[in-house]
Amino acid sequence: MLAKIRKESRTVLADLVKDLRAYRGQKHVSRILDAVRILPKDELAAMAESLVNLTSFKRRVTMDAETVGGPIDVAVISKGDGFVWIKRKHYFTKELNPHFVANYYRDEKS
């Protein structure tokens, strides 16, 4: 009798897990993937940055190793535009390096 109950319990649990995975896929995962397919590049970049921030936050508040964090650089790579910075941290202050800023923007305009 006990063996039969255990077997039935495993079957019910397996069916429940299967149904929950199907529900998660239909109600959550597929909706996000459908939205991502039509997002413009700037919103995809914002989404990527948000996902990195969420991962960093999760690692900080759990016992996981903090392998993600700090300022985030965001770029978009596309066939038409190639590599384009969306958000880029500066490794030095502009005020202390005016010669670099002057040269950088001079080369960009020409």
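How much space lies in the largest pocket? About 270 Å³ lies there, where a pocket is an open set of points on a 1 Å grid over the protein atoms alone, with protein on both sides within 12 Å along at least five of seven lines, and a volume is the space filled by probe spheres set on the points. Among the 12 residues lining this pocket, Arg88, His90, Phe100, Tyr104 and Tyr105 are the closest to its centre; lining residues have an atom within 4 Å of a point. Helix H3 (98-109) gives the most to the lining, with five residues.

The model is predicted, so local features need pLDDT of at least 70 and side-chain atom pairs count only at pLDDT 80 or more, while totals for chains, interfaces and linings use all residues. Residues are numbered from 1 along each chain as its sequence is written, and side-chain values use heavy atoms, with hydrogens and water left out.

Turning to the strands, E1 (residues 74-78) and E2 (residues 82-87) run antiparallel and are joined by five bridges; two strands pair if DSSP finds at least two bridges between them. They form a hairpin with three residues between them, and Ser78 stands opposite Gly82 in E2. Helices (H or I, at least four residues) and strands (E, at least two) are DSSP runs, numbered from the N terminus. Buried means under 20% relative accessible area, exposed over 50%, and partly exposed in between (1.4 Å probe, protein chains only).

A search of the whole structure finds four salt bridges, each a side-chain nitrogen of Lys or Arg within 4 Å of a carboxyl oxygen of Asp or Glu. One of them joins Arg37 to Asp34, with the closest N and O atoms 2.7 Å apart. Both residues lie in helix H1 (residues 2-38), three residues apart, about one turn of the helix; Arg37 is exposed at 61% and Asp34 partly exposed at 45%. Another pairs Glu49 with Lys87 (2.5 Å, N to O), linking helix H2 (residues 41-61) to strand E2 across 38 residues. Here Glu49 is buried, at 17% relative accessibility, and Lys87 partly exposed, at 41%. Lys89 and Asp73 also meet in a salt bridge (3.1 Å, N to O). Lys89 lies in the loop between E2 and H3 and Asp73 in the loop between H2 and E1, so this pair ties together parts 16 residues apart in sequence.

Notes: 1 Å grid on protein atoms, 1.4 Å probe; cavity = no way out; pocket = protein on both sides within 12 Å on 5 of 7 lines; lining within 4 Å.
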